[in-house]
Amino acid sequence: MLDPGHGGRDPGALGSFSQEKNINLAIALKTGEYLVKNLKNIKVVYTRNDDSTVDLLDRPQIANRNKADLFISIHANWARNKNVSGTESFIMGLAKDEDNLAVAMKENEVILLEDDYSERYQGFDPKSPESYIIFTLMQNVFQKQSTDLAMKVQNQFRERANRNDRGVKQAGFWVLFNTTMPAVLIETGFITNAAEEKYLNSTEGQEHLASAIFRACRDYINSIDNMSNFVITEKEANGLQPPVSADAQKEANGLQPPVSADAETTGDDGIVFMVQVASASVRSEISPGNFRGLTDIVEIHSQERYKYVTGRFGEYADAVKYRRQIEQIFPDAFVIAIKDNKILPLQQALELKRKK
């Protein structure tokens, strides 16, 4: 999911001759073109693909409805000091310093343009530092994956686009608050810096930045595909799987999911929590040798990708507990929710559980 920040009645930050919303859209569309052209089995969805207004509350909901695997919000930065330059990527979290908080407050101010924003955003005031305490209560199960993606973005900005790298940071962005997948907000440069504003509006600059974001996504997807360290060779494709090594079996020993009453029934709500350990664009034979000795692996085909999960729990807390065990051999494992044989956004599943 690509999210060009601002748009329509909301111009975003203003430079000396340009508006942020147009820069964001141009880079997002170019990024999408790179992704579709160069990666197989990739579907790109935009929160907007023209100069339309999309409320901040709706952006993560669009990603959740589309069951996106990644959420990338693209922005241009602003500062009073016109000499400040560089790129930075944010993940969801509590701002560690005043500069990070200022960036989040600037981006969140767009909700003031919406009708009944106080009610829609549960009393959240984007101009009040006290309101940001809400983000300390958030349990972000995708923090590690989001950080990994953000670091790859910054690495590509530095190496591919030759930009000043301001690093990966945390702050309370509402657009990241309700996403149910790894999510990052990218600041591609400062529109208030004369040289960077010119670069951000140039075809060359937009191409370089879009290419960098694409390459970061590609590297992240490849790392997920390789998560279980299986490599499908011609022999394996013919069903000749390698034997389980002693080390792999030792790693998996004691990590098989426990059998509980929830494993046999999903309850009245029909929701099952499982732990995803791998995802790939090509199908892998399910065998212990391909999954570090784990035997309780189930394949789910979703969004033209093959996802491999283990465990079956009626309660989220039990799945989280098992995920912590699985992380010993699958560091990027995370919990997903299943209902009616379809992947359900995790937040939606938890809300249904609470209403039960």
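1. The model is a predicted one, in which local features need pLDDT of at least 70 and side-chain atom pairs count only at pLDDT 80 or more, while totals for chains, interfaces and linings use all residues. Residues are numbered from 1 along each chain as its sequence is written, and side-chain values use heavy atoms, with hydrogens and water left out.

2. Three cavities of 30 Å³ or more are counted, where a cavity is a set of points, on a 1 Å grid over the protein atoms alone, at which a 1.4 Å probe fits but cannot get out. The largest cavity has a volume of about 710 Å³, a volume being the space filled by probe spheres set on the points, which are joined across faces, edges and corners.

3. The lining of the largest cavity comprises 37 residues, and Lys67, Ala68, Asp69, Leu70 and Lys307 lie nearest its centre; lining residues have an atom within 4 Å of a point. By class, 24 of the lining residues are nonpolar, eight polar and five charged, with Ala, Val, Leu, Ile, Met, Phe, Trp, Tyr, Cys and Pro counted as nonpolar, Asp, Glu, Lys and Arg as charged, and the others, Gly among them, as polar. Domain 1 (2-228) and domain 2 (271-355) each give at least three residues to this lining, the domain bounds coming from an automatic or database domain assignment.

4. Five strands form an open sheet with mixed pairing, in the order E1-E2-E5-E3-E4; strands (E, at least two residues) and helices (H or I, at least four) are DSSP runs numbered from the N terminus, and two strands pair if DSSP finds at least two bridges between them. Strand E1 (2-4) and strand E4 (165-171) stand at the edges with a single partner strand each, so one side of each has no neighbour in the sheet. Strand E3 (residues 87-92) and strand E5 (residues 183-190) pair in the antiparallel sense over three bridges, and Phe90 stands opposite Leu185 in E5.

5. Most residues other than glycine have a negative phi. Asn41, which is not a glycine, has a positive phi of about 55°, and Asn41 sits in the loop between H1 and H2. Asn162, in the loop between helix H5 (143-159) and E4, likewise has a positive phi, of about 60°.

6. Asn41 counts as partly exposed at 32% relative accessibility, whereas Asn162 counts as exposed at 65%; buried means under 20% relative accessible area, exposed over 50%, and partly exposed in between (1.4 Å probe, protein chains only). Leu56, in the loop between helix H1 (20-38) and helix H2 (58-65), is buried, with a relative accessible area of 9%.

Notes: On a 1 Å grid over the protein atoms alone, a cavity is a set of points where a 1.4 Å probe fits but cannot get out, and a pocket is an open set with protein on both sides within 12 Å along at least five of seven lines; lining residues have an atom within 4 Å of a point.
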